[in-house]
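Subject: Model handover and what turned up in it

Hi there,

Here is the model I promised to send over. Please open it first, and then read my notes below alongside it.

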Amino acid sequence: MPIPKPTRPAKRLLLRDVVFAKLRDAIVSGELQPGETISESEVESWANASRTPVREAIDRLAAVGLTDVLPQRGTLVAELDPQRASSSFSLLGELLAVSSRIVVPVATATQRDAVARRTRSVRSAAQLVATDGVFDVLVGVIGNPRLRQAWDELVPHVLRTWTIAPEHAPTLDELDLDGFAAAVTDGDGDRTEAVLRRWFDAHDAHPRTVLDAPAQETI
Amino acid sequence: MPLPGSAAQPAGRTFLRDRAYDALFQAIQTSQLVPGEVLRDDELMEWLGMSRTPIRHALIRLAESGLIEMSAGRQTTVAELAPERTNRALFVSGICNEYAVVRLIGSDAPGVADELATQRAEVAAGVEAGDGPRIARGIGAFFDVLTNRIGNPELERQVRRIDAELARFLAPGDSTTPIDTEWLRRGVESVHDAFVADDPDAARAALRELYAPTHRDFLERFREPEID
């Protein structure tokens, strides 16, 4: 498994967090398929961990909606839920746009550069939201651990749907990547917000309100 | 640790883990369990009258909401009142509210304007009475009217959790800086006026104003970037 470059402060990791991250990444990448059974004993040997942290990690997967616990059948990888991915995507856009407006103007040159640099190699929507992708780094620059927590809960639903069912992934149409990089580099919060909103809004299929037409199938 | 009287109750249809969570949440909220207090599995098992597994479930959920601290090689304790947590949660809560307000403006959702007016009055009454928790509940309820109408389950999930995190800090004994309640009242009124006027730009501006102190404190004191 490729080891991601650490961008976050090193902190003492709990074994259950490590097991959780391994399982989450396997579900997001499709290595663990929707409907597949997750057996505690197999995870114990796969992750080389004991029963308690494995159980706690599996519980957390259920709490964030990546697994379902069914009576008589145990823990199964949740089926793909494009609706949930769509709701998550919609909220991610607001979280990123508003907090960028607030923080980009005070970010250091190094921080702005870290974000701008990553825009150069972007070829797909998945690369924007993936770990260490442009938006992930931007969330790190924003520097609100509570926002990070919400972001990390929402992103797996989006990324997993786009990976396993690429027809749901948005295109990069309406995304002005150069304009985005320039706005961030200039420390212009309002412009950064505007570029982000334009892309998220263009691909946000979540109904504007409950009174609108039924939700569409695609993101 | 001194524990409140027995919380064991006849088994209903709820999961044990949910009962454990509710009992612990209440005990923390009402300061029966105070910041810094050590939580030991065996004592909790006796107090709650259940086995370790549901209690561990509950503790993990409480830790995720920041109400308790669990870290490797250390005792589990009730989290200290931490202004940075309140500030960071308010920051996210404000964005969720902005999402809801802007999306509902102009939708003519039936009853929304009336429900907002009711909560606006509740906030005003809290200000008149100098009742902080009442003001806070009113503001929470004001925005819940909106977030509950959007039909985005992810938004509802996040808002529910953040409300739970923020509720703790409205309990007596919170040491965060005093808040200008008149100014809060005006903030809520501006958001409501913009909503009634179907003016999304004015609503965004009113929300920015309402959350300006949160943003200022965040940038000056509580921001913790992952890279320098």
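A definition before anything else: two residues are in contact if their C-beta atoms, placed from the backbone, lie within 7 Å. This is a predicted model, where local features need pLDDT of at least 70, side-chain atom pairs count only at pLDDT 80 or more, and totals for chains, interfaces and linings use all residues. Residues are numbered from 1 along each chain as its sequence is written, with chains lettered from A and ligands numbered from 1 in the order in which they are written.

With neighbours within four places in sequence left aside, Leu95(A) is in contact with Leu147(A), Ala150(A), Trp151(A) and Ile95(B). Leu95(A) is one of the residues with the most contacts inside the largest nonpolar core, which has 92 residues; Leu92(A), Ala100(B) and Val191(B) are also among them. A separate second core has 18 residues, including Leu33(B) and Trp47(B). Such a core is a set of buried Ala, Val, Leu, Ile, Met, Phe, Trp, Tyr and Cys residues joined through C-beta atoms within 7 Å. Buried means that 20 or more other C-beta atoms, placed from the backbone, lie within 10 Å of the residue's own.

**Where the chains meet**

On the B side, 33 residues are in contact with 38 residues of chain A. Helices H3 (52–64), H4 (83–104), H7 (153–168) and H10 (212–222) of chain B each give two or more residues to that side, and H4(B) has the largest share, with nine residues. Helices here are DSSP runs (H or I) of at least four residues and strands are E runs of at least two, numbered from the N terminus. By class, this side of chain B has 16 nonpolar, seven polar and ten charged residues. Nonpolar covers Ala, Val, Leu, Ile, Met, Phe, Trp, Tyr, Cys and Pro; charged covers Asp, Glu, Lys and Arg; the others, Gly among them, are polar.

**Domains**

Chain B splits into domain 1 (16–78) and domain 2 (83–222), with bounds from an automatic or database domain assignment. Their C-alpha centres lie 29 Å apart, and six residues of domain 1 are in contact with nine residues of domain 2. In chain A the domains are 15–77 and 82–203, with C-alpha centres 27 Å apart; eight residues from each domain take part in the contact.

**The sheet in chain B**

Chain B has ten helices and three strands. Those strands form an open antiparallel sheet in the order E1-E3-E2, where strands pair if DSSP finds at least two bridges between them. E1 (38–39) and E2 (68–69) of chain B are at the edges with a single partner strand each, so one side of each is left without a neighbour in the sheet. Two bridges join E2(B) to E3 (residues 76–78) of chain B, and Glu69(B) stands opposite Thr77(B).

**A helix in chain A**

H3 (residues 51–63) of chain A reaches 18 Å from its first C-alpha to its last, close to the 18 Å expected, taking 1.5 Å times one less than its number of residues. Its buried residues include Val54(A), Asp59(A) and Arg60(A). Among the elements that cover the buried residues of H3(A) are helix H1 (15–29) of chain A and H3 of chain B. After H3(A) comes Gly65(A), with a positive phi near 85 degrees.

Note on methods: A residue is buried if 20 or more other C-beta atoms lie within 10 Å of its own, exposed if 12 or fewer, and partly exposed in between; C-beta atoms are placed from the backbone.
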